[in-house]
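Q: I have a model open and would like to go through it step by step. Can you help me read it?

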Amino acid sequence: MPTILLLTISNIFMTTAWYWHLKGGAHKQLWMVVLISWGIAFFEYCLAVPANRLGYASGWTGGQLKIAQEAITLIIFGIFMVLVLGEPLHWRHAAAFVCIMAGVAFLFVGKA
């Protein structure tokens, strides 16, 4: 559970670092946006690295950690897309999410 929690919080920081400027920083110069995004991403790394270490030490494989992170990223981005960017959800988003969840299932099936 700590792995999932840390990956979730880290993804909130990374999604913000990558996409905040589309609405909140469009008027800022690109170099400034890059520096601000790096500052935000620093906190993502402070959470993602321990999350991956904890997960790996708990028996998760590298592939399982990566696919779990990707699934979390989709959830966080979907929320960000709607709440911050003001973009609507479509059936295509749900279909893509189902496909990613299938990938997650494939990597976790039979995990002891």
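Q: What kind of model is it, and how are residues numbered?
A: This is a predicted model, in which local features need pLDDT of at least 70 and side-chain atom pairs count only at pLDDT 80 or more, while totals for chains, interfaces and linings use all residues. Residues are numbered from 1 along each chain as its sequence is written, and side-chain values use heavy atoms, with hydrogens and water left out.

Q: How many helices and strands does the protein chain have?
A: The protein chain has four helices and zero strands. Helices (H or I, at least four residues) and strands (E, at least two) are DSSP runs, numbered from the N terminus. In sequence order the pattern is α-α-α-α.

Q: What does the C-alpha trace span?
A: The C-alpha trace spans about 50 × 35 × 20 Å along its principal axes.

Q: And how much of the chain is buried?
A: Of its 112 residues, 29% count as buried. Buried means under 20% relative accessible area, exposed over 50%, and partly exposed in between (1.4 Å probe, protein chains only).

Q: OK, helix 1. Is Thr-15 buried or exposed?
A: Thr-15 lies in helix 1 (residues 2–19), and it counts as buried because its relative accessibility is 4%. Leaving aside neighbours within four places in sequence, Thr-15 is in contact (heavy atoms within 4.5 Å) with Trp-20, Ile-76, Phe-77 and Phe-80.

Q: What about Ala-17, and what does it touch?
A: Ala-17 is also found in helix 1, and is buried at a relative accessible area of 2%. Not counting residues up to four places away in sequence, Ala-17 touches Ser-37, Ile-40 and Ala-41. Ala-17 and Thr-3 are 14 residues apart in sequence and 21 Å apart in space, C-alpha to C-alpha.

Q: Switching to rings. How many aromatic pairs are there?
A: The count comes to four aromatic pairs. Rings of Phe, Tyr and Trp (its six-membered ring) pair if their centres lie within 6.5 Å; planes under 30 degrees apart count as stacked, over 60 as edge-to-face and the rest as tilted.

Q: Why is the pair of Trp-18 and Tyr-19 edge-to-face?
A: Their ring centres are 6.2 Å apart and their planes are at 70°, so the pair is edge-to-face. Trp-18 is exposed, with a relative accessible area of 54%, whereas Tyr-19 is partly exposed at 27%.

Q: Which residues do ring pairs link into a cluster?
A: The cluster consists of Phe-13, Phe-42 and Phe-43.

Q: Last one: where is Met-32?
A: Met-32 is in helix 2 (residues 30–57), and counts as partly exposed at 32% relative accessibility.
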